[in-house]
Amino acid sequence: MGTAISLNLADDLPAAELHELAGDVFAWLREVDARFSTYRADSEVCRVDRGELPLAAAGADLRAVLARCADLWKATDGFFDAYATGRLDPSGYVKGWAVQVASDRLLAAGAANHCLNAGGDVRVRGRSSTGRPWRIGVRHPWDAMSTCLVLAGTDLAVATSGVYERGHHVLDPRRAAPARGLRSVTVVGSDLGLADAYATAAVAMGPAGIGWLDGLPAHRHAVVTDDARLLHSTDLPLA
C-alpha cells in the first residue's frame, strides 16, 4: 500500500495464536495491495482500467468496492470520485476498507482488543494492554514529530487525509485541479472505509468541506486549514 502498517494485539492469548492472527492480517493486506494497487500493472484495478478485464469478470471484492465508490460519489455530490485523476483509482476508500475488514476479522476470531494503523488510518477496538482506552495521535501537518490532537476510545475508526506528505495530491474533480484550503482532515466514525472516503472528499471540497463535515451524521471531525486554524467537532473524543 506504499505505507507503514502496524498491528497491536492486546489480548492475553497464546503467542502462537497471536502470531497466526497477525499473519492473517498482513496476508490480507498484501492481497489487497496485489489486487487494488494502481502501481502494479497486473492488479485487478489496473487491468479493469485498461479494459483488459471486464468488471463483470472481476473479483467480488473489487465489484463491491466500486459499487461503494459509486454510492460515495452520490453522497459527496461528486467530490469523492474514483476517476478524479482520469483513471480508475479507488485508493481513497480501499485502504480504510481493507483495514476495517481486517479489524472485523480479528474481532470475529476473538481478538477483541487491538489497534491496526495503516499510515494514519487507524481502527481501534477494546483496550490497550494497560487496560486503558487506546490513544490515537493525529499528526501535526507541519511537524512530523508532533501531534496536533490526541484522541482516545475503545471503538473508533480514525482516518486522516492531508497534503503534508505527498503535496496537493487530492484533486477537486469539478476543477480538475489540486484542492486547496485544507491542510489536514481527520474523520472519526465506526467504519474506516467511510471515514477514509469522507476525509478525502472534504479535502477535495476545500474550505466548503468544513460545513459539509458539520452536517455529516454519526461522524466527528478535526480540520487544519492552510492558514493553520484548527477546527473540530465539540464532541470529538479528545484524550
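**Figure 1. Contacts and overall dimensions of the predicted model.** Among contacts in the protein (heavy atoms within 4.5 Å) between residues at least 6 apart in sequence, 59% join residues at least 24 apart. This is a predicted model, in which local features need pLDDT of at least 70 and side-chain atom pairs count only at pLDDT 80 or more, while totals for chains, interfaces and linings use all residues. Residues are numbered from 1 along each chain as its sequence is written, and side-chain values use heavy atoms, with hydrogens and water left out. The secondary structure comes to six helices and eleven strands, taken as DSSP runs numbered from the N terminus (helices H or I, at least four residues; strands E, at least two). Along the principal axes, the C-alpha atoms fill a box of roughly 50 × 45 × 30 Å. The radius of gyration of the protein is 18 Å, which agrees with the value near 18 Å for a compact globule of 239 residues; the radius is taken over C-alpha atoms, and the globule rule is 2.2 Å times the number of residues to the power 0.38.

Figure 2. The accessible surface of the protein comes to about 11300 Å², of which 51% belongs to carbon and sulfur atoms (Shrake-Rupley method, 1.4 Å probe; for residues, only the protein chains shown count as cover). Of the 239 residues, 47% count as buried, meaning under 20% relative accessible area, with exposed over 50% and partly exposed in between (1.4 Å probe, protein chains only). There are 24 positive and 28 negative side chains, and the centres of the two sets lie 3 Å apart. Lys and Arg count as positive and Asp and Glu as negative, without His and the chain ends; each charge is placed at NZ of Lys, CZ of Arg, CG of Asp or CD of Glu.

**Figure 3. The largest nonpolar core and the surroundings of Val185.** A nonpolar core is a set of buried Ala, Val, Leu, Ile, Met, Phe, Trp, Tyr and Cys residues joined through side-chain atoms within 4.5 Å. The largest has 54 residues, of which Trp28, Phe36, Tyr93, Trp97 and Val185 touch the most other members. Helix α5 (residues 192-205) gives the most to this core, with eleven residues. Apart from it lies another core, of 14 residues, including Ala10, Trp134, Leu151 and Val188. Leaving out residues up to four places away in sequence, Val185 touches Ala159, Thr160, Ser161, Ala199, Ala202, Val203, Leu213, Ala222 and Val223.

**Figure 4. Val32 in helix α1.** Val32 lies in helix α1 (residues 15-36) and counts as buried at 2% relative accessibility. Residues up to four places away in sequence aside, Val32 touches Met1, Ser37, Val94, Trp97 and Ala98. The C-alpha atoms of Val32 and Lys95, 63 residues apart along the chain, are separated by 8.6 Å.

**Figure 5. Cys69 in helix α3.** Cys69 is placed in helix α3 and, at 5% relative accessibility, counts as buried. Its contacts, not counting residues up to four places away in sequence, are with Phe80, Ala82, Pro90 and Tyr93. Cys69 and Val94 are 25 residues apart in sequence and 9.4 Å apart from C-alpha to C-alpha.

**Figure 6. Two loop residues with positive phi.** Most residues other than glycine have a negative phi. Asp77, in the loop between α3 (60-75) and α4 (91-108), has a phi near 60 degrees and counts as exposed at 54% relative accessibility. Ala218, in the loop between α6 (208-214) and β10 (220-225), has a positive phi of about 65 degrees. At 73% relative accessibility, Ala218 counts as exposed.
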